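Q: I have a structure open and want to learn how to read its features. Can you take me through them?

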Amino acid sequence: MNNTDSTRNAPEHTPRMQLAKLAPEFYKAAVALDAAASKGLDPALVELVKLRSSQINHCAFCVDMHSQDALAAGEDVERLLLLAAWEESRHFYTEKELAAIELTEAVTVLTDGFVPNEVYERAAKQFEEKELAQLIGLIAAINVWNRIGVTTRLVPGHYTPGMYK
């Protein structure tokens, strides 16, 4: 959905570069990393994690993509809208989702230099060890994509659900 109306909206920015064309081996590796990290995890949880990390990292392209993918997969719009304020809307999410969202924030924002033990322990109580390892990989992978998107200025508004699958 292209939401640019030149009569009332600011002009759309242009991307800085096309990383996929300039560094194809790295791009293919990032795609493989993302696919491997998502294996075995609930697809709804995957989109919540990707969306929350993208919100924190201000990656508009990824926020657009993961919101659309989540909606296309049947996610409730209210849960997506409230994700940015999840601590005040906890009752919209399961305890497992809350543990994943909290871990996503802790891994994404390492300003304290570490993931707090209590955050990790809450996640460890909700996820089996293999699943927790996948979750950590997923959080790392979306952070890679967010950094690519923000640095290369990927342009939101042109994504259609599933176009990269």
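Q: Where does R153 lie?
A: This is a predicted model, so keep that in mind throughout. R153 lies in the segment after α8, the helix of residues 129-152.

Q: What is the phi of R153 near?
A: Phi is a backbone angle to check residue by residue. For R153 the angle is near 60°. That is a positive value, in a residue other than glycine.

Q: Is R153 buried, partly exposed or exposed?
A: Look at the relative accessible area. R153 has 34%. Buried means under 20% and exposed means over 50%. R153 therefore counts as partly exposed.

Q: Which phi does H58 have?
A: H58 has a positive phi of about 60°. H58 is not a glycine.

Q: Where is H58, and is it buried or exposed?
A: H58 sits in the loop between α3 and α4, with α4 covering 60-72. Its relative accessible area is 69%, so H58 is exposed.

Q: How many disulfides does a search of the whole structure find?
A: Start with the general idea. A disulfide is a covalent bond that links the sulfur atoms of two cysteines. A search of the whole structure finds zero.

Q: Are C59 and C62 buried or exposed?
A: C59 is buried, at 2% relative accessible area. C62 is buried too, at 5%.

Q: Which helix holds R52?
A: R52 is found in helix α3, residues 43-56.

Q: What is R52 in contact with?
A: Set aside the neighbours within four places in sequence. R52 is then in contact with L83, A84, W86, I101, T104 and E105.

Q: Where does E78 lie, and how far is its C-alpha atom from that of F92?
A: E78 lies in helix α5, residues 77-82. E78 and F92 are 14 residues apart along the chain, and their C-alpha atoms are separated by 8.4 Å. At 41% relative accessibility, E78 counts as partly exposed.

Q: How many helices and strands does the protein chain have?
A: Now step back to the whole chain. The protein chain has eight helices and zero strands. Read along the sequence, the pattern is α-α-α-α-α-α-α-α. The radius of gyration is 16 Å, close to the 15 Å that the globule rule gives for 165 residues, so the chain is as compact as a globular protein of that length.

Q: What share of the residues is buried?
A: Buried residues make up 41% of the 165 in the protein chain.

Q: What do the contacts in the protein chain join?
A: Take contacts between residues at least 6 apart in sequence. Of these, 71% join residues at least 24 apart.

Notes: Residues are numbered from 1 along each chain as its sequence is written. This is a predicted model: local features need pLDDT of at least 70, side-chain atom pairs count only at pLDDT 80 or more; totals for chains, interfaces and linings use all residues. Side-chain values use heavy atoms; hydrogens and water are left out. Helices (H or I, at least four residues) and strands (E, at least two) are DSSP runs, numbered from the N terminus. Contact means heavy atoms within 4.5 Å. The radius of gyration is taken over C-alpha atoms; the globule rule is 2.2 Å times the number of residues to the power 0.38. Buried means under 20% relative accessible area, exposed over 50%, partly exposed in between (1.4 Å probe, protein chains only). A disulfide is a pair of cysteine sulfur atoms within 2.5 Å.
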